[in-house]
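I opened my notebook and went through this one piece by piece. Here are my entries, in the order I looked things up.

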Amino acid sequence: MKKLSFIFGVMALAAGAQTPSAKSIPRSADGKPDLSGIWQSGGVSLYGEPAAQPATTAAAPPPRQTAPYQEWTLAKVKEFNDGLAKADPIAHCFLPGVPRITTMPMPLEIMQKPGRVVILYEAFHAFRIIPTNGGKHPDDLDPTFMGDSVAHWDGDTLVVDVTGFNDKTWLDGRGHFHSDQLHVVERYRRTPDNTIALEVKMEDPKVMTGPWTINMTLRHPPRADRVMEYECLENNQDVPHLVGPDPKGSAK
Amino acid sequence: MKLKSVGILLLASLPAVAHHSFAAEYDTKAPVALSGVVTKIEWTNPHIYYYIDVKDESGNVANWAFEGYPPNTLRRVGFSRDLLKPGDAVSVTGWAARDGSKRAASRELTLSNGRKIFSGPPAN
């Protein structure tokens with residue numbers, strides 16, 4: 001019994017040596033922060049109707065950096081915006097890509113086990129299977145909407161490197177197109193206040209002058225306890241009624 | 001046609017675009033308030049639609065389509081798919097389509113029993 005008390009004492013000391021935030025976040029069996037659960041970055045099922053929000057709510061998205069886009073792209077971005085985003089790929093039910101998928105006003109579920117994180121998104125049936133063992137991207141990637149994700153743990157932060165994108169998505173609803181050279185680094189950090197702080201750095205040498213970093217907060221949506229089906233093509237009546245110039249092929 | 005402007009106080013909000021740019025299809029400067037009888041409900045993605053026969057002062061009837069949130073969102077805020085039925089007399093506020101078709105983005109729906117519920121997002 002004395003020995004047991006000693007062990008508990010050592011454990012308590014070890015716990016005491018940790019920072020307060022490290023103590024108070026949930027952890028999986030392998031000691032890594034536990035990111036699993038239903039999360040959402042915005043929308044009615046997270047915050048409720050705008051009129052019902054107290055003024056102090058954290059509903060407003062964090063301020064974004066101005067997109068650091070190269071001079072030659074500005075006319076194209078303006079054209080997309082003057083066209084009121086008729087060419088927005090998601091209006092045509094294409095996958096939103098990364099990181100835009102995380103901004104959709106619908107829940108996502110993170111499933112975590114040693115060596116792998118799987119993210120299931122309600123929006124557009126998107127999913128990502130992310131090895132977390134620090135491996136490299138395959139060197140024969142075909143370009144895709146959601147790219148290829150590999151990850152490693154940097155202390156308590158899951159760092160996801162995403163590459164292998166096609167050039168058919170926008171980074172937001174404001175016409176910010178990109179090339180197949182897009183490179184995204186996401187940093188997921190579980191916080192003591194039961195959120196995930198997500199920092200996203202985007203780089204694209206063909207369209208940007210430097211890195212574009214945005215931040216999001218993922219919260220447990222009080223009105224959504226599971227991811228459900230969202231089949232965008234079921235009854236997409238909008239396209240013929242969207243005004244502005246017709247999209248010409250991809251969003252290039 | 002009973003088509004009049006309504007003043008709606010919109011609080012600042014920047015919801016992520018769920019599917020398409022609001023302004024690409026609907027005119028935020030053209031609010032509508034229509035009353036009529038529900039003829040059809042499409043409980044579908046990416047948006048639900050409900051259709052209402054609206055009678056004007058001369059007795060002519062026009063069928064209007066109202067776009068709303070996707071089904072999952074409505075379910076999560078307490079708008080179940082049996083809340084609205086063909087034959088129900090309702091009133092709706094929203095914003096008219098830019099292209100002049102008899103379509104609108106719905107916002108607040110008033111059911112025949114007087115209950116009010118949001119069926120679509122605020123203009124943004």
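Before anything else, I wrote down one term: two strands pair if DSSP finds at least two bridges between them. I also noted that this is a predicted model.

**Entry 1: a run of paired strands in chain A**

I began with A:Val160 and asked which residue is its bridge partner in S7(A). The partner turned out to be A:Glu186. Next I counted the bridges that join S6(A) to S7(A), and there are 6, with the strands running antiparallel. On to strand S5 (residues 148-154) of chain A: 7 bridges join S5 to S6(A), and this pair is antiparallel too. I found A:Asp154 opposite A:Thr157 in S6(A). The hairpin of S5(A) and S6(A) has 2 residues between the strands, and in this hairpin A:Gly155 takes a positive phi near 65 degrees.

Then I looked at the two faces of strand S6 (residues 157-163) of chain A. A:Leu158, A:Val160 and A:Val162 make up the covered face. The uncovered face holds A:Thr157, A:Val159, A:Asp161 and A:Thr163.

**Entry 2: an open sheet in chain A**

I traced 4 strands of chain A that form an open sheet in the order S1-S2-S3-S4, with antiparallel pairing. Which strands stand at the edges? I found S1 (37-39) and S4 of chain A there, each with a single partner strand, so one side of each is left without a neighbour in the sheet. From one strand to the next, the twist averages 20 degrees. I zoomed in on S3(A) and S4(A), which are antiparallel and joined by 5 bridges. A:Val117 sits opposite A:Ile130 in S4(A).

**Entry 3: positive phi values**

I looked for residues other than glycine with a positive phi. A:His125 is one of them, with phi near 55 degrees. I placed A:His125 in the loop between strand S3 (116-121) and strand S4 (127-131) of chain A.

I found A:Asn194 in the loop between strand S7 (183-190) and strand S8 (196-203) of chain A. A:Asn194 counts as exposed because it has 12 C-beta neighbours inside 10 Å, and the exposed class takes in counts of 12 or fewer.

**Entry 4: cis peptide bonds**

I checked A:Val98 and A:Pro99 and saw that a cis peptide bond joins them, with omega about 10 degrees. A:Pro99 lies in the loop between helix H4 (71-82) and helix H5 (100-103) of chain A. In chain B, the peptide bond from B:Asn45 to B:Pro46 is cis, and omega is near 0 degrees. I located B:Pro46 in the loop between strand S1 (26-42) and strand S2 (49-55) of chain B.

**Entry 5: chain B and one of its leucines**

I listed 2 helices and 6 strands in chain B, running α-β-β-β-α-β-β-β from the N terminus on. Of its 124 residues, 40% count as buried.

My last stop was B:Leu84, in the loop between helix H2 (71-76) and strand S4 (89-97) of chain B. Why does B:Leu84 count as buried? I found 21 C-beta neighbours inside 10 Å, and the cut-off is 20 or more. Leaving out residues up to four places away in sequence, B:Leu84 touches B:Val38, B:Ile41 and B:Tyr50.

Terms used: Residues numbered from 1 in each chain as written. Chains lettered and ligands numbered in written order. Predicted model: local features only at pLDDT ≥ 70, side-chain atom pairs only at ≥ 80, totals over all residues. Contact = placed C-beta atoms within 7 Å. Axes fitted to C-alpha atoms, helices over the stretch in contact; angles between N-to-C directions.
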